[in-house]
Amino acid sequence: MRVCIKFLGNLAELLGSEVCLELSRCSSIAEVMWSLIKEKDIPVIPEHLIFLSQGKSVSPEDNICSFNELYVIRTLQGG
Amino acid sequence: MCEIACSLRHEGVIWPEASRITVLEFAPGVVVPHTCVQCYDYPCVKACPTNALYVDSKTGAVLVDVGKCTLCGACIRACPARVPKIVKGKNYVLICDLCGGEPECVKACKEAGFNALEVVPKPEKAYADPYISPPEVVASKLSSKVYKEFGKEVLGL
Amino acid sequence: MSGFWGKLLEIDLTSSSYKEVEVPSIIFRKFLGGRGLASWLLWRELGGRWESIDPLGPENILLILTGPLTGYYPGIKLIVSGKSPQTNGVVGSAVSSEVAVEVKAAGYDGVVIKGSSKDPVYLYIHDDRVEVRDASRLWGKTGIELLRMLREEVRVNYVLEGVKSLPPALYIGPAGENLVRTAPVNAKWTHGAGYGGYGAVMGSKKLKAVVIRGSGPLPKVANLEEFIKLRGELIKLIPTKNYWFKFWGTPSEYYFAGSRKSSEPIRNWQEEWHNIIEYSHHDLETKVWVRRFWSDWGCSLSCMKVSIVDINGKYYLTDGPDYEMGAYLGSNLGIFDVKEFTALSAIADNLGLCGIQTGNVMGLVFELYEKGILTKEDIGYELRWGDFKVASRLLEDIAYRRGIGEVLAEGTYRAALKIAEMKGLKPEEVLKYAVQVKGIGIGAHGIRSKADYPQPIAYTCSVHGGDHTSVAGLPINTIESESWKVFFDSAVVCWFNLFNIPEDIVIKFLNVVTGWNMSKDELYRELGPRILTLQRVLLLLGGPDVYWDPRIHDDNPPRFYEPLPSGPYKGKSGDREEVKKLKIQYFSELGWDELGIPTKDTLTKLGLTELEPAIERIRKRLGI
């Protein structure tokens, strides 16, 4: 199953503005993001990501294959 | 958390002043939740000149007969920790009634993940006595525990 | 009206009088509270002669404001504002303090303080009773001493006579009294509203503290049942989905920002990467923390810790320390020992100094010394990177304006200009070491590696200059843009309690409390741009001592165009062409022209046509 994920802000610098993956099975958004973060070894904490589709936020527990458009944005941290 | 939960339950609005539990901060990290712990001899009930206070047989909590309270403050002076509250806008004194058995504050504190409040069956008097003390005394013990040798100095009381 | 009162308490210190002021609910709908309301109030009162208002003079107005979500959304923040002594614009500076709830319980959405007192005073506000009390015994006291004295003066809870807990107060330390531009408005022993420099404004009004007690209920909410349900969900959701923050707080960044994101200030930003494993939350946990969870009012996240350090029998108490303070007084000065920067943090708290702004100007002076521009004669002693004793001495010199502290107390930008003048150098020659934007030292998150959150235009386009909690970014209708920051600074919600909560839920919560029907669209297309436009105009009006020219000052500091010398992002730097391109795109999407000046169409669309004469003044000054 081919899914394409778009990244916003500096996430695009770390991962590319769009990443397309060939998935052997449809898992949750959280699972896919987790393995992507580990694979690319980027300094992002998975809890600090928000997911948008068609302008609305979606849960990280949702099935990644159920969206034809998915944006990932990093909620800020530090202070 | 507890103040919000208590005032929402009893008053229907967020009203920290009218909460039957008050969080008192004496120094960073030296925080005392201040509320009724149901003394054994109920000095507040005894002191009330109009018999407005009585004890709930089921929970052991102190209850207030709204019609009889005159806001004289005798119960506050009798209480070893000065717990009862007189609040502008309420025509009777405010004392924790344990929410009839399942206190909201305990629920709120657990939900927030802090677990600082617990409901326990009424123990032997000797076990409960240490809890019956003014907040400054509790703060003093807590400050020594948190700040060790600097406890007294940090508290500055 | 649900969620707010529509009423402010206005106090005039010159005449020692006070009155209540009504604010129509439509203003709250268009600007919310906090930062948005502050901008509107300041524009209305002072906009016509903004350039001539001295932030440290009696005409400036100090604002203490809550917002429609104060007390309802988990966590707490209070906004302090006025004309900023740092930017000469308006900064909405946030501090965590239960004073926010006390203000609302007293029956107001905020307090407006005008004029100034001849002698030191403090305010005691108890519901509708306002007392301007003599503070001559309190003047000169440091934070901790002051809180103890206030505790004696103020009966904390009038129904518990004589309970000696800390009073709900906003206060300044000696630094604010001495009009140090890097002085915050402090609260709760270790918290402060640092950005904007409003401690100096309080000092200029001879106002040592503001104690507020409110005994009434908060305003009712529009839909109580829905509110209780939604709030209950948020209380559980926020910490469980952000366990990292609950457990480690911002101190998790000391090692993470340096080693992995390469965005931490080291020796005045000469480097941003380090791999010092002892400079981390783990070392703080084992060596200095005494309590892991220390909440602010109504907060289940509880990110702040309590620390204590013993140096020669004297104790130094502070929180985390918060990443920004610790990084600026730690790695930025070459100090990597957790005990040392924790102690410096406590010293700064007590003196009433902002860790970021003061650490920033200290970094500047340390580097100027390193480069030989300033000598031992100028300072009075040697400045060595990593020297704790020198750093603590310099903190005191700045707070009391002693020696070189007199110059440094003016903040990084003005100090750099002064030093250039002193040494007969061109301003650029010293400004190239100043890591600041529009008078505000940049928060401890760099842009060069692009592995941290600030985009290249984060600080260049922000109406708060170097404020790391109000960065600008693209896309314009997401949390990357400054509109989102304006929203939570105006609803007044703690940013940390939003880290993993989608905007939809927060906006729904706002509607449940207020009964409005705000949408995400309205937030990003109208509310955000409206407040930003207002702040931008006031920022560009500026004055009286310093004015910003968008052709020069909408830029990163020169240091950010130097390549990173070390770490996994070695060689990366800001790219001027990229910054220019993004800047123009960002401005245009906000409805501003290429120089970031709001267009007539935008003013009309946002209902701000009253700003047109001000824009004419800006154009005239810039000669365009």
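How many residues of chain C are in contact with chain B? The answer is 34 residues of chain C, which meet 35 residues of chain B. Here, two residues are in contact if their C-beta atoms, placed from the backbone, lie within 7 Å.

## Before we start

This is a predicted model, in which local features need pLDDT of at least 70 and side-chain atom pairs count only at pLDDT 80 or more, while totals for chains, interfaces and linings use all residues. Residues are numbered from 1 along each chain as its sequence is written, and chains are lettered from A, with ligands numbered from 1, in the order in which they are written.

## Where chain C meets chain B

Let's look at the chain C side. Helix H3 (99-105), helix H7 (224-240), strand S13 (289-291), strand S14 (306-311) and strand S15 (314-318) of chain C are the elements that give two or more residues to the side touching chain B. Helices (H or I, at least four residues) and strands (E, at least two) are DSSP runs, numbered from the N terminus. H7(C) gives the most, with five residues.

By class, this side of chain C has 20 nonpolar, eight polar and six charged residues. Ala, Val, Leu, Ile, Met, Phe, Trp, Tyr, Cys and Pro count as nonpolar, Asp, Glu, Lys and Arg as charged, and the others, Gly among them, as polar.

## Where chain C meets chain A

The contact between these chains takes 33 residues from chain C and 19 residues from chain A. On the chain C side, helix H8 (243-248), helix H9 (253-260), helix H11 (323-329) and helix H20 (503-514) each supply at least two residues. H9(C) gives the most, with four residues. The side of chain C that touches chain A divides into 13 nonpolar, nine polar and eleven charged residues.

And what about the remaining pair? No contact joins chain A and chain B, and their closest C-alpha atoms lie 18 Å apart. Of the two pairs of chains in contact, chains B and C share the most contacts.

## Two domains in chain C

Chain C is divided into domain 1 (7-213) and domain 2 (261-434), with bounds that come from an automatic or database domain assignment. Their C-alpha centres lie 26 Å apart.

In chain C, 27 residues of domain 1 are in contact with 25 residues of domain 2. Helix H4 (143-153) and helix H5 (174-177) of chain C are the elements that give two or more residues to the domain 1 side, and H5(C) has the largest share, three residues. This domain 1 side has ten nonpolar, 15 polar and two charged residues.

## A pair of helices

Now for helix H13 (residues 355-370) and helix H17 (residues 412-422) of chain C: their axes come within 9 Å and cross at roughly 25 degrees. H13(C) is therefore roughly parallel to H17(C), a label for angles under 35 degrees.

Asn360(C), Val361(C), Leu364(C) and Leu368(C) of H13(C) make the contact with Thr412(C), Ala415(C), Ala416(C) and Ile419(C) of H17(C). By class, the residues of this contact are six nonpolar, two polar and no charged.

## A closer look at His191(C)

His191(C) sits in strand S11 (residues 191-193) of chain C. Is His191(C) buried or exposed? His191(C) is buried because 23 other C-beta atoms lie within 10 Å; the cut-off for buried is 20 or more, while 12 or fewer means exposed and in between is partly exposed, with C-beta atoms placed from the backbone. Leaving aside its neighbours within four places in sequence, His191(C) is in contact with Val95(C), Ser96(C), Ser97(C) and Asn186(C).

Conventions. Axes fitted to C-alpha atoms, helices over the stretch in contact; angles between N-to-C directions. Parallel < 35°, antiparallel > 145°, perpendicular 65-115°, else oblique.
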